[in-house]
Amino acid sequence: MPECDTCNNYEWDEDTQEYFCAADMDEDDYGRLMQEGKHHSGCPYWQSDDEYAVVRHQAF
């Protein structure tokens, strides 16, 4: 289950001193996401922030 803190779209904002979702979605998309209760699990905008996931199998 994807969580925001492991998402590539979850970024730190220096001005507000807090994390925010930087996924490119409009108000309708955000409203639908909140209404469906998919804020954390099942988010269509979740992307892994593990940049080595693709090549990890080649390490051994």
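Trainee: Before we go on, what pLDDT do local features need here?
Mentor: Residues are numbered from 1 along each chain as its sequence is written, and side-chain values use heavy atoms, leaving out hydrogens and water. This is a predicted model, in which totals for chains, interfaces and linings use all residues, side-chain atom pairs count only at pLDDT 80 or more, and local features need pLDDT of at least 70.

Trainee: Thanks! Which pattern does the protein follow along the sequence?
Mentor: Helices (H or I, at least four residues) and strands (E, at least two) are DSSP runs, numbered from the N terminus. The protein has one helix and two strands. Read along the sequence, the pattern is β-β-α.

Trainee: Back to Asn 9, then: which residues does it contact, leaving aside neighbours within four places in sequence?
Mentor: Asn 9 sits in the segment before strand 1 (10-13). Contact means heavy atoms within 4.5 Å. With those neighbours left aside, the partners of Asn 9 are Phe 20, Cys 21, Ala 22, Ala 23, Tyr 45 and Gln 47.

Trainee: How many aromatic pairs are there in the whole structure?
Mentor: Rings of Phe, Tyr and Trp (its six-membered ring) pair if their centres lie within 6.5 Å; planes under 30 degrees apart count as stacked, over 60 as edge-to-face and the rest as tilted. A search of the whole structure gives a count of two.

Trainee: What is the angle between the planes of Tyr 10 and Tyr 19?
Mentor: Tyr 19 belongs to strand 2 (residues 18-21). The rings of Tyr 10 and Tyr 19 lie 5.0 Å apart, centre to centre, and form a stacked pair with an angle between the planes of 15 degrees.

Trainee: And why is the pair of Trp 12 and Tyr 19 given another label?
Mentor: The centres of the Trp 12 and Tyr 19 rings are 4.9 Å apart. Their planes are at 70 degrees, so this pair is edge-to-face.

Trainee: What accessible area do Tyr 10, Trp 12 and Tyr 19 have together?
Mentor: Ring pairs link Tyr 10, Trp 12 and Tyr 19 into a cluster. Relative accessible area is 31% for Tyr 10, 37% for Trp 12 and 46% for Tyr 19. Patches are made of residues with over 30% relative accessible area and no salt bridge, joining like charges within 9 Å and nonpolar side chains (Val, Leu, Ile, Met, Phe, Trp, Tyr) within 5 Å. By the Shrake-Rupley method with a 1.4 Å probe, where for residues only the protein chains shown count as cover, this nonpolar surface patch has about 310 Å².

Trainee: Which residue forms a salt bridge with Asp 29?
Mentor: Side chains of opposite charge can pair when their charged atoms come close. A salt bridge is a side-chain nitrogen of Lys or Arg within 4 Å of a carboxyl oxygen of Asp or Glu, and the count here is one. The closest N and O atoms are 2.9 Å apart, and the partner is Arg 32.

Trainee: How many disulfides does the structure hold?
Mentor: A disulfide is a pair of cysteine sulfur atoms within 2.5 Å. The sulfur of Cys 7 is 6.1 Å from the closest cysteine sulfur, in Cys 21, which is too far for a bond. For Cys 43, the nearest cysteine sulfur is that of Cys 21, 6.1 Å away. The number of disulfides is zero.

Trainee: How far apart in space are Cys 43 and Glu 3?
Mentor: Cys 43 lies in the segment after helix 1 (27-35) and is buried, with a relative accessible area of 15%. Cys 43 and Glu 3 are 40 residues apart in sequence, while their C-alpha to C-alpha separation is 8.6 Å.

How values were computed:
Buried means under 20% relative accessible area, exposed over 50%, partly exposed in between (1.4 Å probe, protein chains only).
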